[in-house]
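Please look over the sequence and the model before reading on.

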Amino acid sequence: MHSDRRARDNRHVDLETVLNRRELRRYLDRIGDRWAIEQAVLGGARVADERGAPPQRERGPEYVVILVSSAYDGMPWLERVYQAGALWDAMEMGAPADVHCYTPAEFERKLETLKAVRVAADDGVDLLALS
């Protein structure tokens, strides 16, 4: 992760009961079959709920997935997002995901310019830490 912005460790989110950990692992496996992923973060309203966010707020997407891979270099952004989004199983996870796919350099820029990416990077769950 970016040296100043790291997905918080997973201590505050009970992934066993709140999030479908098995499906998250399978999603990462499906993604990994296509691209070598260097960073993967899960954020969004459901993660924020478990971290104690107040109920009276603008929820935003239920899930925000950020995938960072050097393999995206040269691949059109829309194509990578479409492919990675198609691999997300909304039925298993209970909601669709807002999927972001970036090269490392794009990710660094988006941290500064896109609030959803910054919030997920700061407060999300490091998916690569899942066992």
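Which helix supplies the largest share of the lining of the largest pocket? Helix 6 does, with five residues. The model is a predicted one, and the values below were computed from its atoms.

**Largest pocket**

- The volume of the largest pocket is about 480 Å³.
- Its lining is made up of 20 residues, and those closest to the pocket centre are Gly 44, Ala 45, Ala 48, Arg 59 and Val 119.
- At least two lining residues come from helix 2 (45–50), and at least two from helix 6 (115–123).
- By residue class, the lining of this pocket holds nine nonpolar, four polar and seven charged residues.
- As background, empty space left between atoms shows up when a probe the size of a water molecule is rolled over them.

**Overall fold**

- The protein contains six helices and four strands.
- Along the sequence these elements follow the order α-β-α-β-α-α-β-α-α-β.
- The protein has 131 residues, of which 40% count as buried.
- Taking contacts between residues at least 6 apart in sequence, 74% join residues at least 24 apart.
- The accessible surface of the protein is about 7,100 Å², and carbon and sulfur atoms account for 49% of that surface.

- Is strand 2 (residues 63–68) largely enclosed or left open by the rest of the structure? Six of its six residues are buried, so strand 2 is largely enclosed. The cut-off that applies here is a relative accessible area under 20%.
- In a regular strand, side chains alternate between the two faces of the sheet.
- In strand 2, Tyr 63, Val 65 and Leu 67 point one way, while Val 64, Ile 66 and Val 68 point the other way. The residues of both sets are buried.

**Pairing of strand 2**

- Strand 1 (residues 39–43) runs antiparallel to strand 2, and five bridges join the two.
- Within this pairing, Leu 42 is placed opposite Val 65 of strand 2.
- Strand 3 (residues 97–102) runs parallel to strand 2, and six bridges join them.
- Here Ile 66 stands opposite His 100 of strand 3.

Key
Residues are numbered from 1 along each chain as its sequence is written. This is a predicted model: local features need pLDDT of at least 70, side-chain atom pairs count only at pLDDT 80 or more; totals for chains, interfaces and linings use all residues. Side-chain values use heavy atoms; hydrogens and water are left out. On a 1 Å grid over the protein atoms alone, a cavity is a set of points where a 1.4 Å probe fits but cannot get out, and a pocket is an open set with protein on both sides within 12 Å along at least five of seven lines; lining residues have an atom within 4 Å of a point. Grid points are joined across faces, edges and corners, and a volume is the space filled by probe spheres set on the points. Ala, Val, Leu, Ile, Met, Phe, Trp, Tyr, Cys and Pro count as nonpolar, Asp, Glu, Lys and Arg as charged, and the others, Gly among them, as polar. Buried means under 20% relative accessible area, exposed over 50%, partly exposed in between (1.4 Å probe, protein chains only). Contact means heavy atoms within 4.5 Å. Accessible areas come from the Shrake-Rupley method with a 1.4 Å probe; for residues, only the protein chains shown count as cover. Two strands pair if DSSP finds at least two bridges between them.
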